[in-house]
Amino acid sequence: TMLNRLLITGANGNLGREMRTRLTHLAKTIRLSDRGDLGAAQAHEELMPCDLGDKQAVEELVEGCDGILHLGGQSVEAPLEVIRNANLDGMFNLYEGARKSRVTPRIIFASSNHAIGFHKQTERLDAESVTRPDGLYGVSKVFGEAIASMYHDKFGIETASVRIGSCFPEPKNHRMLSTWMSHEDFVRLIERIFITPRLGCPIIYGASANAASWWDNREVAYPGWTPQDSSEPFRAKIDAEMDPPKGDDANALYQGGGFCADGIHED
Ligand code: NAI
Ligand code: 15L
């Protein structure tokens with residue numbers, strides 16, 4: 001084990017439930033948090049449910065953790081009020097907790113491709129590319145990356161902001177042939193981020209080794225992550241199940257796909 005206590009936020013979510021069982025080799029103790037009931041604690045687990053918008057609770061949550069996998073938050077488009085509480089206040093509260101904690105944690109922030117979603121699918125992006133959020137959700141991920149950057153420059157807290165593409169058991173449509181990341185590749189990335197001696201504050205695109213990828217991680221090769229999986233074996237199945245999106249469909253035009261065509265959710 002390389003960590004003493006790893007905090008996983010969003011532990012009841014899609015990725016949180018996967019990572020709860022797949023990261024047990026990384027830490028002596030795994031502290032789990034989400035809003036709701038987290039079920040029964042295993043011997044190596046601590047359960048600390050709370051709302052990310054609750055500053056005092058989040059500061060207590062972070063205290064004593066040397067690693068944080070921050071998956072908690074609003075994970076699709078929503079009214080600003082919802083996004084503000086979970087992704088703006090929540091991110092600030094987490095980093096204030098990290099700054100005040102007796103142990104400075106290394107943090108993985110689950111950012112999203114929706115921070116860059118309005119780039120065309122014909123473009124190739126790297127960590128230097130400008131952000132082009134495709135909704136308030138995407139804007140909140142840009143904010144999160146900025147919080148991580150500021151706490152690194154001001155206080156030396158190290159964060160990897162991972163712009164996750166589509167992390168599901170399988171790619172579900174043609175767009176995801178470009179954006180898909182397997183759970184296994186995500187686990188390997190998390191291992192490398194916690195193992196690398198000096199992390200800094202990189203932005204890393206979270207995608208498997210897809211032939212149709214739009215993203216280039218060459219500038220952030222130093223953690224030594226090489227994704228092993230590829231969406232290509234799923235292409236025939238997707239072709240058989242659905243037509244590819246038509247030329248003027250957001251799913252064919254933009255990296256963020258359908259999020260780009262959605263309106264704003266009013267409060
Ligand atoms: P999810 O929606 O299944 O899980 C998010 C969890 O956060 C939920 O269990 C929810 O209860 C919790 N949460 C939401 N608001 C909260 C609050 N105010 N206080 C405490 N907990 C709160 O999302 P998923 O798919 O597991 O994604 C995890 C993270 O990765 C999210 O931050 C998401 O934005 C990001 N991400 C995921 C992608 C994917 O393909 N699954 C793609 C890009 C980013
Ligand atoms: C995300 O950011 C969402 O959290 C996830 O549910 C997917 O929609 C993913 O992006 C995607 O773009 O496929």
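**Close-up views of a predicted model**

**View 1. Two strands run side by side.** Let's start with one pair of neighbours: strand β1, spanning residues 3-9, and strand β4, spanning residues 67-70, are joined by 4 bridges in the parallel sense. Look for isoleucine 8 here, and you can find its bridge partner, leucine 69, in β4.

**View 2. The pair belongs to an open sheet of 7 strands.** Follow the strands across this predicted model and you will meet them in the order β3-β2-β1-β4-β5-β6-β7, with parallel pairing. The edges are formed by β3 (45-47) and β7 (203-206), each of which pairs on one side only. On average, neighbouring strands of this sheet are turned by 20 degrees against each other, direction ignored.

View 3. Which residues surround ligand 2? They are Ser75, Val76, Ser112, Asn113, His114, Ser166 and Thr179. Sorted by class, this shell holds 6 polar residues and 1 nonpolar residue, with no charged residues.

**View 4. How confident is the predictor?** The average pLDDT of the protein chain is 98, and 100% of the residues score at least 70. For the complex, the predictor gives an ipTM of 0.99 and a pTM of 0.99.

Definitions and conventions. Residues are numbered from 1 along each chain as its sequence is written. Chains are lettered from A and ligands numbered from 1 in the order in which they are written. This is a predicted model: local features need pLDDT of at least 70, side-chain atom pairs count only at pLDDT 80 or more; totals for chains, interfaces and linings use all residues. pLDDT is the predictor's confidence in each residue, from 0 to 100. A residue is near a molecule or strand if its C-beta atom, placed from the backbone, lies within 6 Å of it. Ala, Val, Leu, Ile, Met, Phe, Trp, Tyr, Cys and Pro count as nonpolar, Asp, Glu, Lys and Arg as charged, and the others, Gly among them, as polar. Two strands pair if DSSP finds at least two bridges between them. Axes are lines fitted to C-alpha atoms, for helices over the stretch in contact, and angles run from 0 to 180 degrees between N-to-C directions.
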